[in-house]
Amino acid sequence: MKLSKKLFLILCISLSLGTTSVYAQRYASRNGTVKLSYNAPHGKMETVNRQVNVGLNVETGEFRLTMLMLSFRFQSAYNQEKFNEYFIKNAHFANSTFRGKIVDLHKVNFSKKGEYEVTVTGDLTLRQVTNKVTAKGKFIVGDNTFSGKSVFKVNLMDFNFNIPPTMEKLIEVTFDVDLKKL
């Protein structure tokens, strides 16, 4: 009977230590920002989504992002209406996701404050079309916080968007997030 109690105690301690270790290696945010900039026939367009969900596992480098397309906000009411009409009519396109990894995770020291240049690669899904994307970025390590920033281009034609010939095919994506340790 004593042996069973000892085994149970050892198992409980091992599981709690293992859980704490994995738990402490994850960062997340529900307030990430994605800004899109592109040239349209009637001028430069910009829209911002400040409700981007982001998760990062610092042990494996796994990086995930999910955003609701209807959360993008335009300054122009007309542009907002047209954008929303498209995504409301096509509800199956409502979410966009990115699932990837930090390729050069070894460059980042999560226990030391500082800025680290990294490359993230993974699968970006827009309009239910998935393509590989690679982007350079910067991670900033602070006290129990971790910030990520990146600017990269996406070709709308790669995701089967039907856009007018006069509209720019490449859009600039600016990503910014402050993550907190879970």
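This is a predicted model: local features need pLDDT of at least 70, side-chain atom pairs count only at pLDDT 80 or more; totals for chains, interfaces and linings use all residues.

User: Where in the chain do F63 and F175 sit?

Analyst: F63 belongs to strand β3 (residues 62-68) and F175 to strand β9 (residues 170-181), so the pair links distant parts of the chain, 112 residues apart.

User: And are they buried or exposed?

Analyst: Both F63 and F175 are buried.

User: Why does F139 count as buried? And what about F146?

Analyst: The cut-off for buried is under 20% relative accessible area. F139 counts as buried because its relative accessibility is 4%, and F146 counts as buried because its value is 0%.

User: Which residues do the ring pairs link into a cluster?

Analyst: The cluster consists of Y27, F63, F98, F110, F139, F146 and F175.

User: Nice. Which residue lies over the face of F161?

Analyst: That's R127, at 4.8 Å from the ring centre of F161.

User: Switching to pockets. What volume does the largest pocket have?

Analyst: The largest pocket has a volume of about 1000 Å³. Its lining is made up of 46 residues, and L36, F83, L156, F161 and I171 are the ones nearest its centre. F161 is also the ring with R127 over its face.

User: Which elements supply at least two residues each to that lining of the largest pocket?

Analyst: There are several: β1 (26-40), β2 (43-57), β3, α2 (77-89), β6 (114-126), β7 (129-141), β8 (145-155) and β9 each supply at least two residues of the lining of the largest pocket.

User: How many of the lining residues are nonpolar, polar and charged?

Analyst: For the largest pocket, the lining has 34 nonpolar, eight polar and four charged residues.

User: What about the second largest pocket, what volume does that one have?

Analyst: The second largest pocket comes to about 240 Å³. It is lined by 15 residues, with E46, T47, R73, F74 and Q75 nearest its centre. By class, the lining of this second largest pocket has three nonpolar, seven polar and five charged residues.

User: Which element gives the most to the lining of the second largest pocket?

Analyst: β2 does, with eight residues. β2 and β4 (73-74) each supply at least two residues of that lining.

User: Can we step back to the overall fold? How many helices and strands are in the chain?

Analyst: The chain has two helices and nine strands. Reading from the N terminus, the elements go α-β-β-β-β-α-β-β-β-β-β. Of the 182 residues, 38% count as buried.

User: I'm curious about S37. Where is it, and which residues does S37 touch?

Analyst: S37 is in strand β1. Leaving out residues up to four places away in sequence, S37 touches K44, M45, E46, I171 and E172. S37 counts as buried because its relative accessibility is 5%.

User: And N95, where is that one?

Analyst: N95 is in strand β5 (residues 95-102). N95 counts as partly exposed because its relative accessibility is 45%. With residues up to four places away in sequence left aside, N95 touches M67, L68 and M69. N95 and R127 are 32 residues apart in sequence, while their C-alpha atoms are 7.9 Å apart in space.

User: Last one, on backbone angles. What phi does Q128 have?

Analyst: Q128 has a positive phi of about 60 degrees, although it is not a glycine. Most residues other than glycine have a negative phi. Q128 is in the loop between β6 and β7, and it is exposed, with a relative accessible area of 55%. N160 also has a positive phi of about 60 degrees without being a glycine. You'll find N160 in the loop between β8 and β9, and N160 is partly exposed at 47% relative accessible area.

User: Great, thanks for the tour!

Technical notes
Residues are numbered from 1 along each chain as its sequence is written. Side-chain values use heavy atoms; hydrogens and water are left out. Helices (H or I, at least four residues) and strands (E, at least two) are DSSP runs, numbered from the N terminus. Buried means under 20% relative accessible area, exposed over 50%, partly exposed in between (1.4 Å probe, protein chains only). Rings of Phe, Tyr and Trp (its six-membered ring) pair if their centres lie within 6.5 Å; planes under 30 degrees apart count as stacked, over 60 as edge-to-face and the rest as tilted. A charge sits over a ring if NZ of Lys or CZ of Arg is within 6 Å of the ring centre and within 35 degrees of the ring normal. On a 1 Å grid over the protein atoms alone, a cavity is a set of points where a 1.4 Å probe fits but cannot get out, and a pocket is an open set with protein on both sides within 12 Å along at least five of seven lines; lining residues have an atom within 4 Å of a point. Grid points are joined across faces, edges and corners, and a volume is the space filled by probe spheres set on the points. Ala, Val, Leu, Ile, Met, Phe, Trp, Tyr, Cys and Pro count as nonpolar, Asp, Glu, Lys and Arg as charged, and the others, Gly among them, as polar. Contact means heavy atoms within 4.5 Å.
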